[in-house]
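This briefing is meant to be read with the sequence and the structure side by side. Take a moment to look over both before turning to the points that follow.

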Amino acid sequence: MGSEARLYSLEQVAERLGLQVRTVRSYVRSGRLKAIRIGKQYRVTRESLEDLTGPAPLAVPRHRHVEVSSVIQVDAVSQETAGRVTNHLAGAARAAQDGSALRVEAIYDEERSQLKVIVIGSLLNAANVFRLLGALLEA
C-alpha cells in the first residue's frame, strides 16, 4: 500500500493525537471520525484522520534565510562625497562575502544635499556595508 492509503489502528490514532484510545473509539462510534471495520478492529485512513485534524503541516525548511532591507539617509553631503561613497558601495556590492546577493542603490538629492542608500542583502553583507558607510562618512 502507498502512503496515501495507509491505515492506522485506533491505538496509533490515539498516540498521534495525544488522546486515550477510549476517546478515539467514541469519535468513531459517534461518526466524528470515519473508520473501517476489519474483523473486530477499526482502521482509520490518513484522509479520515486529516478530516478530523486538518492536513498535516508543510515541512519547515531546514535552511533559514535572513535578509536585511534598509534605507540610510545621510544629510549635509556634498555631491563629490556622495559620488565617492556611491563608488565604494558599488564595489562592496560586487564583493559580497557570503555568496548571497547584495544590492546597494544610492540616490543623491542635490537640492537637499542628501544621500539615500538602499541596502538589501544578508545580515553579514549589510553589516559590512554599514561599517564601510560609517568609515567613509567619518573620513
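In this predicted model, helix 1, which covers residues 10-17, lies across strand 1 and strand 3. The direction of helix 1 is at about 85 degrees to that of strand 1.

**The sheet beside the helix**
- The strands belong to an open sheet of 3 strands, arranged in the order 1-3-2 and paired in the antiparallel sense.
- Strand 1 (7-9) and strand 2 (36-38) stand at the edges of this sheet, and because each has a single partner strand, one side of each is left without a neighbour in the sheet.
- From one strand to the next, the twist averages 40 degrees.
- As background, the strands of a sheet pair through backbone hydrogen bonds, and this pairing can be either parallel or antiparallel.

- Strand 2 and strand 3, the latter made of residues 41-45, pair in the antiparallel sense over 3 bridges.
- Within this part of the model, Arg37 stands opposite Tyr42, which belongs to strand 3.

**The chain as a whole**
- The chain contains 5 helices and 6 strands, and when read from the N terminus on, its elements run β-α-α-β-β-α-β-α-β-β-α.
- Of the 139 residues in the chain, 25% are buried.
- Among the contacts in the chain with a separation of 6 or more, 58% are between residues 24 or more positions apart.
- The chain exposes about 10000 Å², and carbon and sulfur atoms supply 49% of that area.

Technical notes: Residues are numbered from 1 along each chain as its sequence is written. This is a predicted model: local features need pLDDT of at least 70, side-chain atom pairs count only at pLDDT 80 or more; totals for chains, interfaces and linings use all residues. Side-chain values use heavy atoms; hydrogens and water are left out. Two strands pair if DSSP finds at least two bridges between them. Helices (H or I, at least four residues) and strands (E, at least two) are DSSP runs, numbered from the N terminus. Axes are lines fitted to C-alpha atoms, for helices over the stretch in contact, and angles run from 0 to 180 degrees between N-to-C directions. Contact means heavy atoms within 4.5 Å. Buried means under 20% relative accessible area, exposed over 50%, partly exposed in between (1.4 Å probe, protein chains only). Accessible areas come from the Shrake-Rupley method with a 1.4 Å probe; for residues, only the protein chains shown count as cover.
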